[in-house]
Amino acid sequence: MSTQPKAGEMLVGAYHKFLGECDFVTYQKTSLEQDIQTEVDVVGVNLHGEQEIYACEVVTHLGGMGYGSYQENRDRLERKFKRAEKLVTTEYDTAGTYTFQLWSLNTPKGLVTPLSELADEFEDDTGYELELVMNDDYAERIQGLRELASSKNAQTNDLAFRFLQIFEYLS
């Protein structure tokens with residue numbers, strides 16, 4: 001069953017399409033394997049050169065992460081990325097590189113260090129980067145997408161980018 005991607009997922013997908021140079025983006029990717037029960041919010045695929053996969057967990061909670069305590073947030077994300085790693089390396093097994101990303105609009109300061117430690121542990125355990133796109137970095141990347149949207153008039157098949165084009169035109 002397919003559901004509509006959430007707003008934050010659509011923004012991250014648009015970023016990967018228009019600024020990350022991905023050839024295609026899929027949303028809410030679920031496993032074809034019965035034993036892997038997981039979902040990856042956004043998967044971007046760059047086919048130029050060696051195939052690059054970007055697997056993104058997107059947390060667009062305006063009030064913070066919202067999964068409980070800092071430890072509960074960290075543990076939940078650790079489980080998600082372990083399952084995501086299994087899913088994307090199985091489903092996209094011919095890729096040359098894999099990058100995992102956490103996109104979080106509002107990460108509390110007290111959670112930044114535990115998540116940085118999680119990213120280091122993830123890379124040590126899997127050999128794959130876990131890039132943290134949080135707070136100011138998140139805002140800067142979306143601002144770059146807004147700037148691009150303001151310079152383009154042509155309609156695209158990307159709803160989030162089209163909304164940005166309209167909002168930038170109106171401002």
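In which helix is Asn 73 found? The legends below begin with the whole chain and then turn to single sites.

**Figure 1. Overview of the predicted model.** This is a predicted model, in which local features need pLDDT of at least 70 and side-chain atom pairs count only at pLDDT 80 or more, while totals for chains, interfaces and linings use all residues. Residues are numbered from 1 along each chain as its sequence is written, and side-chain values use heavy atoms, with hydrogens and water left out. The protein has 5 helices and 5 strands, where helices (H or I, at least four residues) and strands (E, at least two) are DSSP runs numbered from the N terminus. Their order from the N terminus is α-β-β-β-α-β-α-β-α-α. The radius of gyration is 16 Å, close to the 16 Å given by the globule rule for 171 residues, so the protein is as compact as a globular protein of that length; the radius is taken over C-alpha atoms, and the rule is 2.2 Å times the number of residues to the power 0.38. The C-alpha trace spans about 45 × 40 × 30 Å along its principal axes. Of the 171 residues, 44% count as buried (under 20% relative accessible area; exposed is over 50% and partly exposed in between, with a 1.4 Å probe and protein chains only).

**Figure 2. Helix H1 and the elements around its buried residues.** H1 covers residues 7-18 and reaches 16 Å from its first C-alpha to its last, close to the 16 Å expected at 1.5 Å a residue (1.5 Å times one less than the number of residues). Its buried residues include Gly 8, Met 10, Val 12 and Tyr 15. The buried residues of H1 pack against strands E1 (24-30), E2 (39-46), E3 (52-59) and E4 (97-104), and against helices H4 (136-150) and H5 (159-170).

**Figure 3. Surroundings of Asn 73.** Asn 73 is part of helix H2, residues 70-91. With a relative accessible area of 2%, Asn 73 is buried. Residues up to four places away in sequence aside, Asn 73 touches Met 65, Gly 66, Tyr 67, Gly 68 and Leu 111; contact means heavy atoms within 4.5 Å.

**Figure 4. Thr 156 in the loop between H4 and H5.** Thr 156 lies in the loop that joins these two helices. Its relative accessible area is 21%, so Thr 156 is partly exposed. Beyond its neighbours within four places in sequence, Thr 156 is in contact with Phe 18, Phe 161, Arg 162 and Gln 165. Glu 131 is 25 residues from Thr 156 along the chain, and their C-alpha atoms are separated by 28 Å.
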